[in-house]
Amino acid sequence: MTGTLVLAADPLLSGDVGLVEVLLTLGKVLLAFGFLLVSVMLMIWFERKLLGGMHQRFGPTMAGPFGILQTLADGIKLFFKEDLVPDRSDRFVFKLAPYLSLIPAFLAFAIVPLGGDFNSGGSVELFGRTTFLQVADPPVGILWFLAMSSLAVYGVMLAGWSSGSKYPLLGSVRASAQMVSYEAALGLAVASVVLIAGSLSTHDMVLAQAAEGYFGVIPRWNVIVTGLVPFIVFVIAGTAELNRPPFDLVEAEQELVGGFHTEYSSIRFALFFLAEFMNTITMSAVIVTLFFGGPAGPVLIGELAGFDIGWAWGLLWFFLKLFVMLFVFVWMRATLPRFRYDQLMDLGWKALTPVALGWFLFLAALETGRQRDWNEAAITVLSLLVIAAATALLVRAVRNGRRAAADAAAAEQVEHAEHAETVGERS
Amino acid sequence: MVETVFAVSAVLILAGAVGVVVFRNPVHAALSLVLTLLGVAVLFVLNDAHFLAAVQVVVYAGAIVILFLFVIMLLGVDTAEKLRVEPIAGQRPLAVVVGAALAALLGTVVIIGADVLTGLRRSAGERALDGSASDIERIGRVLFGEFAFAVEVTAALLTVAVVGAVVLTRRTSRPRSAAAAADASLQDSDAGPDAPSTDAGRGQ
Amino acid sequence: MSEFLRTYLTVGIFGAVGVGLVAALLGVGRILRPSRPTPAKVENYESGVDPVGDMWSQANIRYYVFALLFVLFDVEAVFIFPWAARLEDYGLFGLVEMAIFIFILLLGLLYAWRKRMLRWV
């Protein structure tokens, strides 16, 4: 990360704009759109099938081969269901909420690099034009993703509020508090990656990860370079952000019926469902981009029948990594029991946020030291000592606080008792 | 093209701003505030201030308005606000005075700084920021160079806000009677923290 | 038109496709589905019993503290990003400055923690 910050921009968009450019842009948009929709359908099927396997059931089997058309069948069924808008609801917001839920999920996907040969710059030659295989590469890059995930809260919050019903309201307030709590940790985990990459652009991040690895076999992926901690924080915070199990208190069907979308029916309900799975795929894609080098990977066969197919390997690696990440999400769902709400908040604020911040500072100290040729081992030891001291202080402070609060409560109890006595005497 | 985008976003911004004042339902007002904020983000992009645009969305649309919505839900507002009631005596004439003062201030700024706004003359800050670097780089250079102290003061300000909120929310549980305390503990243990209409709300 | 604006224009097209998708789904649904609302159907669900009391009840005030803490850390992240992207420009001075910045903000979290506002029980 030296030199001036290169303004990452798709070379396709820097010259004159002709018909080819417009068509290519539209093509990329439609490609990403189709990819998202198809993968959502397959993801729902994949999740049900895999969960079935993990529960020793079959999962969907009837519609199509291996039940692969189950999602489509469910979707078609929902089209024919009556759409009810509760009388007491706020009709305008009630109808707006599905849009607010789905559109950010959709837009966040725009910054994910899908393919390209990142061993040689990552750009692709198509019809004589050079471009990136991603919908857009805005200079704010990963901040775009954070912005969209912060807007996603609106869909959940307003869906619950506008229903004019108690369970959805409780579910939505709970959900938004949860999403908001984990967004802090999410942003701080991203900051660690930005620190290493020296850029906000997702294209640059992938490019940095495609560089020569360690010992020739271990890739230079950020999951290793940033020392695993930001990755773990990001995955946990991301799962909570998605409201997926084990963080699915939002829907906790035993307590809240269906959570924020209890009052939704028919295709409007399907839209929330779609948004949820779209978010899962986007989140997995962002994890792959940030920590696993996105489409970066070796090009095994560079040319086929005279065509340069180096960029197609990028697509393949990206899909493989995405698939593994999606598997992990389903796996977590099948393995981990749901959190209690206080545990959830504890994890977010008392563990993830401080850890992410501490690790960020640690990485920053290492990086600064590297630039000034300090002794790395010394910095590491010193930083670890500082972290240990900070943790010890924190634990002490919290313990003191707890004791003080317990004392106060006890004193209050005595006071109450005395108060009751005096009242009793007086009467 | 730039003019079109500017015109569309300007209309959205103004429509949102009018909506904030006109809507009686606070949630609708908050939503139209989001519209205004997103429009401003588009204007930032139009001026190549990409980082500021992202900040506008992440902080204002994503956090501040969410905070507003939490407050609205905290109050449990289900009906439109009663406009007849005047909680602070004389707040209406006062609002007119403050509004006029604000408008006068804005007008003065526009008149004095007309050359800067139209680009005829460049402000000192603009000259300092000159260069081909991206806006995030330039902002960083100013924030962590010249205004380093202001950044720390910002941190202190935010911390004070949190401390204030904690103090205010805690005070509600102090002068509670023993019966209410028992009631609260019962309610906390079985109904969960977000049971409707808790004593926290009553304490307001 | 700057090239950046074109980037966002692409995003805009992408977003328009998304809005189009939602609108199309809702439109098709409107054509296909039956609509025979009865008073019982448009009643709130509430576990199948008749709704009781106010619909928009008050939320717990604790949520407010969490939302405010979120604002705190969101602003913090915003300050962190320009620094993290150009770490080498700011050197040791920047590192110390950022450490103090984060420390002050952590004090806010610590205060809420000590005052047991982060506990739900």
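The legends below accompany close-up views of a predicted model.

**View 1. Chain A and its overall make-up.** Chain A is built from 13 helices and four strands, and 51% of its 427 residues count as buried.

**View 2. The side of chain A that touches chain C.** Here 77 residues of chain A are in contact with 67 residues of chain C. Helices H1 (19–54), H3 (91–108), H5 (166–197), H10 (266–291), H12 (341–371) and H13 (376–426) of chain A each supply at least two residues of this side, which by class comprises 50 nonpolar, 14 polar and 13 charged residues.

View 3. Pro337(A) lies in the loop that runs between helix H11 (310–335) and H12 of chain A. Because 12 or fewer neighbours define an exposed residue, Pro337(A), with 7 other C-beta atoms within 10 Å, is exposed. From Pro337(A) to Val288(A) the C-alpha to C-alpha distance is 25 Å, the two residues being 49 apart in sequence.

**View 4. The packing of H1(B) against H2(B).** The axes of helix H1 (residues 2–22) and helix H2 (residues 26–46) of chain B come within 7 Å and cross at roughly 155 degrees, which means that H1(B) is roughly antiparallel to H2(B). The crossing of these two helices is left-handed. Residues making the contact include Val5(B), Phe6(B), Leu12(B) and Gly16(B) of H1(B), together with Leu33(B), Thr36(B), Gly39(B) and Leu43(B) of H2(B); by class, the residues of the contact are 15 nonpolar, six polar and no charged.

Technical notes
Residues are numbered from 1 along each chain as its sequence is written. Chains are lettered from A and ligands numbered from 1 in the order in which they are written. This is a predicted model: local features need pLDDT of at least 70, side-chain atom pairs count only at pLDDT 80 or more; totals for chains, interfaces and linings use all residues. Two residues are in contact if their C-beta atoms, placed from the backbone, lie within 7 Å. Ala, Val, Leu, Ile, Met, Phe, Trp, Tyr, Cys and Pro count as nonpolar, Asp, Glu, Lys and Arg as charged, and the others, Gly among them, as polar. A residue is buried if 20 or more other C-beta atoms lie within 10 Å of its own, exposed if 12 or fewer, and partly exposed in between; C-beta atoms are placed from the backbone. Axes are lines fitted to C-alpha atoms, for helices over the stretch in contact, and angles run from 0 to 180 degrees between N-to-C directions. Angles under 35 degrees count as roughly parallel, over 145 as roughly antiparallel, 65 to 115 as roughly perpendicular and the rest as oblique. A crossing is left-handed if the near helix is turned anticlockwise from the far one by less than a right angle, and right-handed if clockwise.
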